[in-house]
Amino acid sequence: MYNRILVPIDGSETSQVGLKEAIRIAGLTQGRLRLIHVIDELSFALTVDAYSYHAGELLDLMRANGKKLLESAQETVRAAGIEADYALYENLDRTVQQRVLDEADAWKADLIVIGTHGRRGARRLVLGSSAEGIMRGASVPVLLVRSPKGTS
């Protein structure tokens with residue numbers, strides 16, 4: 001069954017939907033979760049450009065925010081009686097999906113649970129889809145949990 005469940009989170013409502021489903025599954029299977037957050041090159045570059053930060057201070061801020069996000073999610077999981085740990089990665093030379101796939105293999109995940117917007121057509125092409133990239137490249141099952149309309 002699904003004893004080792006990997007859950008990529010980014011702080012969005014959509015990733016919270018995925019986290020809630022992963023908690024539900026872990027409760028049914030007596031599984032454990034690994035939460036993962038990735039600071040990637042694209043989000044780093046866009047934030048530096050948009051807010052005129054110096055690279056060093058921005059990276060420190062992104063690390064602190066990522067750690068806070070993971071700790072909060074870990075508290076939520078543990079409050080549900082589920083064992084959880086987390087990993088924070090800075091991959092300024094790789095994509096989020098590459099890091100998630102590597103983590104799934106290294107941690108020997110049985111399942112990856114991801115909240116997704118379920119975008120189609122041009123919006124998906126413009127915005128990209130980490131969830132789709134993970135689904136296509138994963139060596140384990142991937143559960144895409146579509147967020148309700150109106151969530152971001």
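Is arginine 34 buried or exposed? Select it: Arg34 has a relative accessible area of 16%, so it counts as buried (buried means under 20% relative accessible area, exposed over 50%, partly exposed in between, with a 1.4 Å probe and protein chains only). Before you go on, know that this is a predicted model, where local features need pLDDT of at least 70, side-chain atom pairs count only at pLDDT 80 or more, and totals for chains, interfaces and linings use all residues. Residues are numbered from 1 along each chain as its sequence is written, and side-chain values use heavy atoms, leaving out hydrogens and water.

**Stop 1: the charged network**

Arg34 sits in strand S2 and Asp85 in strand S3 (residues 83-91), so the pair ties together parts 51 residues apart in sequence. (Helices, H or I with at least four residues, and strands, E with at least two, are DSSP runs numbered from the N terminus.)

Now pick Glu103. Its side chain meets that of Arg34 in a salt bridge too, at 2.6 Å from N to O. Glu103 is buried, at 2% relative accessibility. Arg99 and Glu103 both lie in helix H4, four residues apart, about one turn of the helix. Shared partners join Arg32, Arg34, Glu83, Asp85, Arg99 and Glu103 into one network.

**Stop 2: the strands**

Next, color S1 and S2. These strands run parallel and are joined by five bridges (two strands pair if DSSP finds at least two bridges between them). Look for Arg4, whose bridge partner in S2 is Arg32. Then show S4: two bridges join this strand to S1, again in parallel. Leu6 stands opposite Ile112 there.

**Stop 3: the nonpolar core**

Finally, select Ile5, Val7, Leu19, Leu33, Leu35, Val77 and Val113. These have the most contacts inside the largest nonpolar core, which has 19 residues (a core is a set of buried Ala, Val, Leu, Ile, Met, Phe, Trp, Tyr and Cys residues joined through side-chain atoms within 4.5 Å). Helix H1 (13-29) is among the elements that each supply at least two core residues, and H1 gives the most, with five.

Note on methods: Salt bridge = Lys/Arg side-chain N within 4 Å of Asp/Glu carboxyl O.
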